[in-house]
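Please keep the sequence and the structure in view while reading.

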Amino acid sequence: MADTPQVPEVNAPSRPQPHEKYPWPAEPTLVGKRIQRVDGPIKVTGQAKYSYDINRPGGLHGRILRSPHPHARIVAIDLSAASKAPGVKAVMAVLQPGAKVMFQGEEVAALAAATEEQADDALRLIKVQYEVLPHIATEALALREGAPQVFKDGNIKAGDTEEAGDLEAGFKAAAHTVLAGYATQVQTHVSLETHGCVCEWDGDKLTSWVSTQAVHGTREQFAKALDIPQANVRVITEYMGGGFGSKFGPDAQGIICAKLAKQAGAAVKLLLDRKDEHLASGNRPSSASKIKAGVSADGMLTAFDAETWGTGGAGAGSGFPLPYIYVFPNRRRKHRDIFTNAGPQRAMRAPGHPQGCFHTEMLMDELADKLRMDPLAFRIKNLPPEAPNAMWRKYFPIAAERFGWSKRHVTGDPTPGPIKRGMGCAANRWGGGGQGTKAHCEINPDGSVVMRCGTQDLGVGTKTIVAIITAETLGIPMELVRAEIGDSNYPFSGGSGGSTTAPGVSPAIRVTSGMALDALKAKVAPGLGVDAATLVASNGRIHVKGDPSKGLAWRDACKQLGMEPLAVDGQWERGLSASGTSGVQFAEVEVDIETGVSKVTRVTCVQDCGLIVDQLTAESQCIGGIIGGVNYALFEDRILDRVTGHMVNPNMEWYRIAGPSDIPTIDITLMNQPERGVIGIGEPPTISTAAAVANAVANAIGARIRSIPITPEKVITALAEREKTGGTL
Amino acid sequence: MKAFAYVNAANQQEALAALSTATRGRRLPLAGGTDLLGLMKDYVAEPDVLVNVKNLPAGIAVPAQGLAVIGAAATLTDVADHAALAKTYPALTDAARGVGTPQIRNVGTVGGNLMQRPRCWYFRNEEFHCLKKGGARCFAVEGENQYHAIFGDGPCHIVHPSSLAPPLIAYNARIKVAGPQGEREIEAGTFFLMPDRNMFGETVLEPTELVTEVVIPTPRNVSAATYEVKFKQSHDWSIVTASVALRMSGGGGGVVESARVVLGAVAPVPWRSLPAEQMLKGKRVDEAVAWQAAEAALADARPMSGNGYKVQVAKTALRRAIMKATGAKVV
């Protein structure tokens, strides 16, 4: 079932109805194999042109002047000196006097100049007079009594209370309770390719090479913002360097770029620098909780009562699912969004889930410790019923076996010496369904094939799976297929978010190439003297099913097209993809208790994603997700100066990202579920890593660090605290 | 980046000539550029003229007798990979190996490593008009100071970022400097200046002068080691680093005749610890003595609001450096 509504905990699709006409092959030759990316060689040799690599004749460089203040009113903007600076061809105010800026990095003015350096220098000649207003840098400051009210409807927005069961009865039934609070930091996307685009006008037609997760959505937004027909906009994203949920439109910088290009009468390239990127292109909101939870003497969860909050920056939300996965029959949860004068949040790889997973999985280990029960057995006891999208009961033992969970010591590594080792685990779930994609297939008389689809490849391998499915369906080698994506002139496909791309695109490619094959069969059947319905394509031939000798080589079949290529249009259909994934991760860490430095040594991942289209790209998603999770657990942190509200680490020096030596050994087991069809895997593998790592750190050092990132400072402070109180967990 | 003129000096003489009219910040030498380029892109440094100093001496000589000489333009990779240096001065080559990434070590130079500016995030970000930029306050005091100094009492609370300086001071190296008045040699231990003596730079070097060579005495009966604590193992700055050189008494028996102990990333200059040196003197080094030395070294530490943990890290780094110098296996 492709579009079963996503019920949070248990979404049990009934046995899916496979597609009648073009079901996935029972014995595929390409699908599910370990296939290298079709664009790997040109990417690693630098030949692939990313938006940043597009240089148009006479092209200019755009730069944006951003507010240095986290909260201010614009009194005046003087563009005159900048407009006369060397090389400057266009200058504009983005905001007008009277307007307010709500965070450091908000766009104020912009210009385009002949070189990037000239643009940077000229930017500093734009004189902006600000009336600086009181600001709020952190959640704690926002919550403080007497804090300045900087947002129109207050600094705090209370959400609904989610309730189920009978909380009082739940706590009555509890033999143990845990009262604890957890917290996660603000994490920015840190896409290696920053946001931005190159815009070029031809009269009232705009072509834009954009680093985007949605070529069609970006086209729409350009048209709307610039008041031109969608037909006049073309968005191209042949290659892009990551978005993680932060790149669904032209954004302010795209619209500014188009306006500067119009004003200058020349193409303008405007890509953000790393500082802009950290400040203004989105982030994962912070989260914090106070939770009281109860468990019965036999290890069944009885009650969960949580107050949570977080900041998504200036006027943006911070919600996340809680409790996560495990069944608390009696529960209450209240959430508040706290607004701060910081760059607003955007969707980021599995929005909300890593936070919900962290709070819940930390709590689960604390409850297990109270019970003196193995945390894995405790988890399994409290899982929802098994279903195709809820396979943790099966996956936990598989992963535990591969990982060596049986060697886990109880909390606190008893080994002498400063290096303490520990193990932790956590589960994840995600939707990952998709639909609404169209495709166009041309079979040429020389046997070459073009498959066009207006999706985009974020770096995950979408182009490769388009080629795989086309070649599989037509029974030809992948070399004959040219997959063309990343252009809004191609047939519609949606934005690449929510792990929807593979389940949206794959069925469309399967159906469209199936239709093209049917059309070719109809062409060649009369010559073979058979009914087209008896023909199949395999191994580079079109032949009668069961009799490869009765047929034609692919190229000979295509020759029969004469002068005219065969062209068909198809689209996504039900029965080839589904929604709902589950997975588990185990982490092992080494903590040096004398320096506070934690290192993740191993991660074991068991994950499903329905039918695997390419084993390598699916594994690659897991690897990327886990590395991202290690970063979230240990390193990444948007640090705002508590006094001025300025980000002190808008770079990749103090905003830490794992390097090669910081990456653990990663063991991946993908659970193939071919009967379910294709499901996305972009998001789930990043959800559980931080929680598993944090639990492993607690298991190692015998003190629980209830917030991430787990810095040396926190480790040393927690150990010193334990020393003082003499307590354990 | 502000536009600048570039002087491609063919040798030391031309470089010095080009810098002879230099005033602070206006004319700057450029070697590997791994530090300076970033400062310029962030408009923290806005020189009018850059002078190429990659053609300064770049050789490394380690004679069996006498002084080792390292040219200022030698790269960190040259130092890290130099077999004879590694044999005689392991505390130095270990430190070089810990710098940045292979790419940075391939272009970053010895002179540049000594002359690099602090990594303090208030200094590096244009928004903060801090003491080092002529401003009125050190933002670290009230702000985010988890990586700032635990020694020195300000008024500026940077930590000195050089990886090579602690071992060079431990080995009692001298830094050779050339300028319009000719050459001079400065003890590495006095080359660096606290903020109260030089707020706008970190050393005694005049804007018209250049570091040309580092000269290191032959360590006789010296056991030395560097131990660096980093959070990330790839491409990160030290939380704390410690270099020690223990001169063992001639009589054998593992007794320390004298010691030099230097901590990095704890103060605005590489921080020599006389209390630790005193503690080690005359002792037979074991774990207990190393502990005592570490305690002595950090007894006077004055951490800020958010960097108290660095005291513990510094103790560990120093203890491990001492044990490593004795040949013990450390973590």
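Two strands are said to pair if DSSP finds at least two bridges between them. In this predicted model, strand β24 (residues 541-544) of chain A and β25(A) meet that condition, pairing in the antiparallel sense over four bridges. Within chain A, A:H543 stands opposite A:G551 in β25(A).

This pair belongs to an open sheet of three strands in chain A, ordered β23-β24-β25, with antiparallel pairing. The edges are taken by β23 (535-538) and β25 (547-553) of chain A; each has a single partner strand, so one side of each is left without a neighbour in the sheet. From one strand to the next, the twist averages 40°. In general, strands of a sheet pair through backbone hydrogen bonds, in either a parallel or an antiparallel manner.

Next come the domains. The domain assignment divides chain A into domain 1 (51-66 + 72-133 + 195-271), domain 2 (283-432 + 578-725) and domain 3 (434-571). Between the C-alpha centres of domain 1 of chain A and domain 2 of chain A there are 38 Å. Where these two domains touch, seven residues of domain 1 of chain A are in contact with 14 residues of domain 2 of chain A. The side contributed by domain 1 of chain A consists of three nonpolar and four polar residues, with no charged ones.

The remaining topic is the contact between chains. Here 25 residues of chain B are in contact with 31 residues of chain A. On the chain B side, the elements that give two or more residues are α8 (121-124) and α13 of chain B. Of the elements on that side, α13(B) gives the most, with four residues. By class, the side of chain B that touches chain A holds 11 nonpolar, eight polar and six charged residues.

How do the axes of α17 of chain A and α13 of chain B cross, and within what distance do they come? The axes of helix α17 (residues 712-725) of chain A and helix α13 (residues 309-325) of chain B come within 9 Å and cross at roughly 95°. Angles of 65 to 115 degrees count as roughly perpendicular, which means that α17(A) is roughly perpendicular to α13(B). The residues that meet are A:P712, A:E713, A:I716 and A:T717 in α17(A), and B:Y309, B:Q312 and B:V313 in α13(B). This helix contact of α17(A) with α13(B) has four nonpolar, two polar and one charged residues.

How values were computed:
Residues numbered from 1 in each chain as written. Chains lettered and ligands numbered in written order. Predicted model: local features only at pLDDT ≥ 70, side-chain atom pairs only at ≥ 80, totals over all residues. Axes fitted to C-alpha atoms, helices over the stretch in contact; angles between N-to-C directions. Parallel < 35°, antiparallel > 145°, perpendicular 65-115°, else oblique. Nonpolar A, V, L, I, M, F, W, Y, C, P; charged D, E, K, R; others polar. Domains from an automatic or database assignment.
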